[in-house]
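Here is a short report on one protein chain. Keep the structure in view as you read, and find each residue as it comes up.

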Amino acid sequence: METDLYQSGHKSHLNYKQTYFDKYDYLRFIHSKKLVHREVIEKTIGKKLEPDEIVHHKNGNKFDNRPENLKRCKNKLEHHLIHGGNTSRYNVKQSSLFEYS
């Protein structure tokens, strides 16, 4: 399946010809099964994401993987807060949420 990464028609240096949509409708690479939005963030920040880091689609459209639409979250709690969720089930200090080393 040939899929352009960006809804706006912009191309990038990533190869999107080798992608597919998973059961949650997220775009993944066939060869590695890696989520495309994680690859885009990694290329943007110049390093690999930590396993606990989450990528948030700012406009809520998970098909829109433009770098300006993606936000790197330190963990699930930070991502949950973006969506206005109750944080009581998380055992994490909120003061450490947005600190990157």
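## A charged residue under cover

E42 is buried, with a relative accessible area of 9%. The model is a predicted one, and every value here is computed from it. Buried means under 20% relative accessible area, so E42 falls in that class at 9%. Which residue does E42 form a salt bridge with? The partner is K34, and the closest N and O atoms are 2.3 Å apart. K34 is partly exposed, at a relative accessible area of 21%.

## The chain as a whole

The chain holds two helices and four strands. Read from the N terminus, the elements run β-β-α-β-β-α. The chain has 101 residues, and 33% of them count as buried.

What about contacts along the sequence? Take the contacts with a separation of 6 or more: residues 24 or more positions apart account for 28% of them. The accessible surface of the chain comes to about 6700 Å². Carbon and sulfur atoms own 50% of that surface.

## Helix α1

Helix α1 spans residues 36-45. Is it largely enclosed or largely open? Seven of its 10 residues are buried, so the rest of the structure largely encloses it. The buried residues are V36, H37, R38, E39, V40, I41 and E42.

What covers these buried residues? The cover includes four strands by name: β1 (19-21), β2 (27-29), β3 (54-57) and β4 (70-73). After α1 comes G46, and its phi is positive, near 80°.

## The nonpolar core

In soluble globular proteins, nonpolar side chains tend to be buried together. Which residues make up the largest nonpolar core here? There are eight: L27, F29, V36, V40, I41, L49, V55 and L70. Both β2 and α1 supply at least two residues of this core. The largest share comes from α1, with three residues.

Look back at the helix for a moment.

## Salt bridges

How many salt bridges does the structure have? The count comes to nine. One of them joins K34 and E42, described above. Another joins R66 and E68, where the closest N and O atoms are 3.0 Å apart.

K43 and E39 also meet through their side chains in a salt bridge, at 3.7 Å from N to O. An α-helix has 3.6 residues a turn, so residues three or four places apart point the same way. K43 and E39 are four residues apart in helix α1, so about one helical turn separates them. K43 is partly exposed, with a relative accessible area of 44%. E39 is buried, with a relative accessible area of 13%. Salt bridges that share partners join K34, E39, E42, K43 and K48 into one network.

## A buried histidine

H56 sits in strand β3. Is H56 buried or exposed? It is buried, with a relative accessible area of 7%.

The side chain of H56 makes polar contacts with two other histidine side chains. One joins H56 to H79, at 3.2 Å. Another joins H56 to H83, at 3.4 Å. Now set aside the neighbours of H56 within four places in sequence. Which residues is H56 then in contact with? They are N69, L70, K71, C73, H79, I82 and H83.

## An aromatic pair

The structure holds one aromatic pair. A pair of aromatic rings is described by the distance of the centres and the angle of the planes. The rings of F21 and F63 have centres 5.6 Å apart and planes at 80°, so the pair is edge-to-face.

F21 is partly exposed, with a relative accessible area of 33%. F63 is partly exposed too, with a relative accessible area of 35%.

Terms used
Residues are numbered from 1 along each chain as its sequence is written. This is a predicted model: local features need pLDDT of at least 70, side-chain atom pairs count only at pLDDT 80 or more; totals for chains, interfaces and linings use all residues. Side-chain values use heavy atoms; hydrogens and water are left out. Buried means under 20% relative accessible area, exposed over 50%, partly exposed in between (1.4 Å probe, protein chains only). Contact means heavy atoms within 4.5 Å. A salt bridge is a side-chain nitrogen of Lys or Arg within 4 Å of a carboxyl oxygen of Asp or Glu. Accessible areas come from the Shrake-Rupley method with a 1.4 Å probe; for residues, only the protein chains shown count as cover. A nonpolar core is a set of buried Ala, Val, Leu, Ile, Met, Phe, Trp, Tyr and Cys residues joined through side-chain atoms within 4.5 Å. A polar contact is a pair of N or O atoms within 3.5 Å; within protein, one must be able to donate a hydrogen and the other to accept it, and residues adjacent in sequence count only if both atoms are side-chain atoms. Rings of Phe, Tyr and Trp (its six-membered ring) pair if their centres lie within 6.5 Å; planes under 30 degrees apart count as stacked, over 60 as edge-to-face and the rest as tilted.
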